[in-house]
Amino acid sequence: MPRRTVVKLATVSAVVAASVFAVAPTAHADLVTHCVGTGGAVTVPNDLLVPAGKSCSLTGTTITGNVTVAAGGNLVVTGGRVSGEVRVAADGYLDATDTTVDGPVVLAAGGYGVFLSDAQTGTVTVRPKGSATIDSFLFVEGSTIAGHVNASAGEVRLDRGTQVQRNLSSTGTYYTDVHDSFVDGTLSVLNSATGSVVCGSAVRGRATFAGNLGGVQLGPNGGLDSCASGGYWGGDVSITSTTGGVTVDDNIINGQLTVTSNNPAAQVAENNRIRGGVTGDQATATTNRAARVANPDREEAGEQRAEVRRTSAEREASEAGAARL
C-alpha cells in the first residue's frame, strides 16, 4: 500500500524578528514590493513579489494588490490579507494561516505546494505536472474556499472542517482525500494514482470516481486510511473502472450508487442508507468495524510536508532580515 506522504516531520527552530522590504518599479512604472526577509503589520499599497529562490515571512500584513511567488520562492503569511490573487511558480511554496486571499490561488506546474490553515481564499488551482520533476501538494485544513478547487497533480487533502463553496475536481493527482469537510457542489476524482478516501464529509451534488488505480474508500473499514465515520451524499454517487478495491461503508446517499467495471468488485456494506438503490457488480456485503487500518503518515501528511518547507522558509527569511540590519 503506497503511503500518503513522501516526507517525514522535521523540527527546525526559527526566530522571526526583522521587517525588511525592498521596492522596485516594474516596466510599466507600477510599484512592486519585493519581499526578502520578514514583514510585520504594515500595508503594502501595491503588488508583492517574492523573488526566485528567496523566502518571505509576513505576520499581520495587508497586501492591496496581487502576490507572485517566483520559481523556488517561499511565502509564509500569518494573520494577513491579500486583496488580489496569489500565483506560485515552479518549485514555489505558499503557506497561509489565518489569512484571507480575496482572489484565486494558482500553483503552477511543478510547484512545490500550497498549505492553507484557517484561511479564506477564492478558487484554488493546481496545474498539471507536465514535464516537471516535482509533484505538487495541496493541503487544506479548517479553511473556506469561496470557489472551485481544481487539482491536476500531486497530493490533495481537505480536512478539519474545510468548506468548498463550489465544485471539487481532480484529475491525475497522486491521491485526493476529503476528511471532515463539506463540498457545496459536485465532487469528481478521476485517474488518481493511489485513489481517493472520503470520510466524515458531506457532498451536496453528484460524486464521480472513475479510473482510479489505488482504490476508492467512502467511509471507514477500507484499506487506504483510518477514519471514524462515513458521509452524506446529496446526489448520485458513481464509482467505475477502479482497481485496488472499492469500499462503501456507513454512508447516507440521497441518490443512486453505481459501481461498475471495478476490479475487484466493490464492497458495499449493509449499513449504508442508499435512497436510489445500488446498480452494478458488488461483492458480498461485509462490515467489520474492528478492522480499521491505522495510517498516521497519511493522516498527518499535510502538517508534516508543509512544516518542512514552512520552518525552512521562516529560517531563511529571518536570516535574510538579519543580514540587512
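Guide: Local features need pLDDT of at least 70 and side-chain atom pairs count only at pLDDT 80 or more, while totals for chains, interfaces and linings use all residues. Residues are numbered from 1 along each chain as its sequence is written, and side-chain values use heavy atoms, leaving out hydrogens and water.

Visitor: Why is Ser143 called buried?

Guide: Buried means under 20% relative accessible area (exposed is over 50%, partly exposed in between; 1.4 Å probe, protein chains only). Ser143 has 1%, so it counts as buried.

Visitor: Where is Ser143, then?

Guide: Ser143 sits in the loop between strand E18 (137-141) and strand E19 (144-145). Strands are DSSP runs of at least two E residues, numbered from the N terminus.

Visitor: Which residues is Ser143 in contact with, leaving aside neighbours within four places in sequence?

Guide: Contact means heavy atoms within 4.5 Å. Among the partners of Ser143 are Leu116, Asp118, Gly161 and Gln163. A polar atom of the Ser143 side chain also lies 3.2 Å from the backbone nitrogen of Asp118.

Visitor: And what makes Ser57 buried?

Guide: Its relative accessibility is 3%, so Ser57 is buried as well. Ser57 belongs to strand E6 (residues 55-59).

Visitor: Where does pLDDT stay under 50?

Guide: One such stretch is residues 1-20, for which the model has 56 contacts beyond four places in sequence. Where pLDDT is low, the predicted coordinates should not be read in detail.

Note on methods. Helix = DSSP H or I, 4+ residues; strand = E, 2+ residues; numbered from the N terminus. Polar contact = N/O pair within 3.5 Å; in protein donor to acceptor, adjacent residues only side chain to side chain. pLDDT = per-residue confidence, 0-100.
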